[in-house]
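Subject: Structure handover and what was found in it

Dear colleague,

I am passing on to you the structure we talked about, and below it I have set out what was found in it. Please keep it open as you read, so that you can look up each place as it comes.

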Amino acid sequence: MGRLNRLLINELDSGKTAGTIQKIIFDIIFQHVQDMVFVMKVEEGPKFRYLFVNEPGMKKANLTLEAIGKTLLDVLPAKFGKSLQQKYEYMLSRKEIITFDDQFVFSDGTIIYGETILTPVFNEKNIISYVVAVTRDVTEWSIEKNKIIESEQRYRSIVDHNLDAIFTINPEGKVLEANPSAALLTGYSEKQMSNHSIYDIINDHDLAKFKGMIEKTCLGYALESLDCKILNDKGQLLIVQIKTVPIVIHGNIKGLYIICKDLSEQAKNMEMIKFMAFHDQLTGLLNRRALLEHLHNHIYSPTKKNQEFALISIDLDRFKFLNDTLGHLAGDEILKRVAERLLQFQNDKCFIYRVGGDEFTILMVNTDRHSTSTFVRKVFSAFSQSFYFNSQEYYISPSIGISMYPIDGKDAEMLIKNADEALFRVKERGKAHYQFYRTDMKTVFTNVVTLETHLRKAINKNELSLYYQPQVEISTGEAHSFEALLRWKDTELGYISPSVFIPLAEDTGLIISIGYWVIETACQQLKQWCEKGYSGIRVAVNISPKQFQHPKLVQFIKLMIEKYEILPNCLEIEITEGAMTDTKEAIPILRNLKELGISISIDDFGTGYSSLNYIKKFPIDVLKIDQSFIRDIHVDEKDAAITSTIIHLGKSLGLEVIAEGVENEKQVELLSNANCHKIQGFYYSKPLPVDELEKRFLQKQL
């Protein structure tokens, strides 16, 4: 260090400005001993040569004594030296003190931040001969400053890039700042909102609640509201979620952040979800859930509790047939048209619901029995007009059941149940009319429900059996063919009439499994009779229209014939004309049955619309004349003529003809004179269980 001082003294002795420089140097050294001090000589070029560096300068700038006498560009790294050279040259051009910030990166990655003052020293010719540079190490301060800047930028990023609208307000509600999302939400620019009151955009209905939030937040509480509305620049109400957050500085609340999340789209979605929850998706009508809620409101509302109202249950007659025939898309379109027709009645006292399938319900409030009857007649009138689909015209009639509150029920479940019971009675009695609920209906409806439950268990409980009614040949008086008739004796209810449980089995689909049981039981009985030596016996089994269309019918019959090893011609399949309405499907099934070798008979012949057409198209073996023609054959000339014609037609076509429902001798005489093959009825025998049949008809034939 002593050598460095001698070099500086020699240089100063050779100049006329030595006193001035010496004064400046010693003043700086003693007042800024922790700062880095550099004395640079200005030479042509310009070049800046090191004359003096204090100890902090040597240490912090990482210089050695060899740097003295060398230029900036000789000593410093190229990039940093060039940058510093430019600063010195700028000072020369300005001829005044300049200040700048710079940083230096060491080879190990360490960064030093500095704040430098360049002071020019002029000679007697007013030329800058020397430059005194004082650099203060501001690394720690710069790091802290950068942290503050970074923190501010993080905050600004949260605010400026937030998808939620953020308003900065003072405690009085004046808007100080608003982020871009706030401008997007409200339609106002930040400039338009600044210095305006936040209360200007709050909906009047929510203003008191919002002011309460502000007041409480000013006490230091962050709050949240889920259902506040604000006004945008177009005057539209927007649903927002509002959060209020206090701005606390040094323990004092200086303002608030108002954060608004736009819930308008969510509100629309919620409205849609609510609509879907209470409306039928296909027709747009109110649904069953809405019906239950409305019933609950009318029954339990204090203001409406004693008001009489009607619950009208509507079912579309034969809609299932239309749906199956035309297809489900066509069925849906018809349901939409029905809904449109019913909607003409909807008002503030009449509500229309679709509760499922082809079932509709109407709730008429503040009405009586007479007014309800008048209204229902209007509904029937609306259905008197036809429906059109794909240029085709269709007529649909409704069946309607009605229950009245409070006389027919004091809760929703009972009212719905009783309206359905009244509807059930309507459908039971021919459909296409209406019926008010009566207390005596309950037993009938309950019995049907009970019967269905018992019928589902009848096969497994061995409650079903077959009786056999003989078909007697008129010419010989012998019986070699029998019709198998299903009987049911319930363990609890006793014998149930076939006229009761067969339609129930059809409606519930149980007829398929019951029908297969009948076929197998008949085949099993034929095998037993064969083993007993009763030969040449034929058993006719009734096949329902539903079972006739079942895809596994032919396969199952073939399997039973093989299983019980019986001759196919011992089995006869008896079908009604109703099973053959779709000739395209019926012909292949009948042909497949004929290929098995079994006989086919038409039951209730003459009651359909295309009887002669069936005879022509289908492979039929037996015609059974319906008992409606036989009943009055001895007193009604037309019935006698029709019966005689059917017998003659059958014989001409090589078909066997059987007359059903024969009950007296006069009927037998007329049928015998007409050369009818066989007769079946109570005149000869009622249906018999197996043991009685064997005693009366089979044993004497051995």
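This is a predicted model: local features need pLDDT of at least 70, side-chain atom pairs count only at pLDDT 80 or more; totals for chains, interfaces and linings use all residues.

Most residues other than glycine have a negative phi, and most peptide bonds are trans. H250 is not a glycine, and yet its phi is positive, at about 55°. With a relative accessible area of 80%, H250 is exposed, because exposed means over 50%. N126, which is likewise not a glycine, has a positive phi near 60°, and N126 sits in the loop between β4 and β5.

The bond from G45 to P46 is cis, with omega near -10°, and P46 belongs to the loop between β1 and β2 (47-53). The bond from Y405 to P406 is cis as well, with omega near 5°, and P406 is in the loop between β16 (398-405) and α15 (412-428).

**A cavity and the helix beside it**

How many cavities of 30 Å³ or more does the count give? The count comes to 1, and the space in this largest cavity is about 300 Å³. Its lining is made of 22 residues, of which F38, A61, F80, D102 and T135 are the closest to the centre. The elements that give two or more residues to this lining are β1 (36-43), α5 (78-94), β3 (98-105), β4 (111-122) and β5 (128-137), and β4 gives the most, with 5 residues. Sorted by type, the lining residues are 16 nonpolar, 4 polar and 2 charged.

The buried residues of α5 are F80, G81, L84, Q85, Y88, M91 and L92. Seen down the axis of α5, these buried residues fall within an arc of 135°, so they line one face of the helix. An α-helix has 3.6 residues a turn, so residues three or four places apart point the same way. On the other side of α5, the exposed residues are A78, K79, K82 and S93. The buried residues pack against β1, β2, α4 (72-75), β3, β4 and β5. After α5 comes K95, whose phi is positive, near 55°.

**Two further helices**

What is the end-to-end distance of helix α24 (residues 637-652), C-alpha to C-alpha? The end C-alpha atoms of α24 are 22 Å apart, which agrees with the 22 Å that its 16 residues should span at 1.5 Å a residue. Within α24, D639, T643, I646, I647 and G650 are buried. They fall within an arc of 95° when seen down the axis of α24, so they line one face of the helix, whereas E637, K638, T645, H648 and S652, on the other side, are exposed. Among the elements that cover the buried residues of α24 are β23 (599-605), β25 (656-660) and α25 (665-673).

In helix α20 (residues 553-564), the buried residues are L553, V554, F556, I557, M560, I561 and Y564. They cover an arc of only 165° around the axis, which puts them on the same side of α20. What covers these buried residues includes α18 (511-531), α19 (545-548), β22 (571-576) and α21 (583-596). E565 follows α20, and the phi of E565 is positive, near 55°.

**Two single residues**

Leaving aside residues up to four places away in sequence, D164 touches N179, S181, I259, C260 and K261. N269, in helix α10 (residues 264-278), counts as partly exposed at 41% relative accessibility.

With best wishes

How values were computed: Residues are numbered from 1 along each chain as its sequence is written. Side-chain values use heavy atoms; hydrogens and water are left out. On a 1 Å grid over the protein atoms alone, a cavity is a set of points where a 1.4 Å probe fits but cannot get out, and a pocket is an open set with protein on both sides within 12 Å along at least five of seven lines; lining residues have an atom within 4 Å of a point. Grid points are joined across faces, edges and corners, and a volume is the space filled by probe spheres set on the points. Helices (H or I, at least four residues) and strands (E, at least two) are DSSP runs, numbered from the N terminus. Ala, Val, Leu, Ile, Met, Phe, Trp, Tyr, Cys and Pro count as nonpolar, Asp, Glu, Lys and Arg as charged, and the others, Gly among them, as polar. Buried means under 20% relative accessible area, exposed over 50%, partly exposed in between (1.4 Å probe, protein chains only). The arc is that of the directions from the helix axis to the C-beta atoms. Contact means heavy atoms within 4.5 Å. The expected span of a helix is 1.5 Å times one less than its number of residues.
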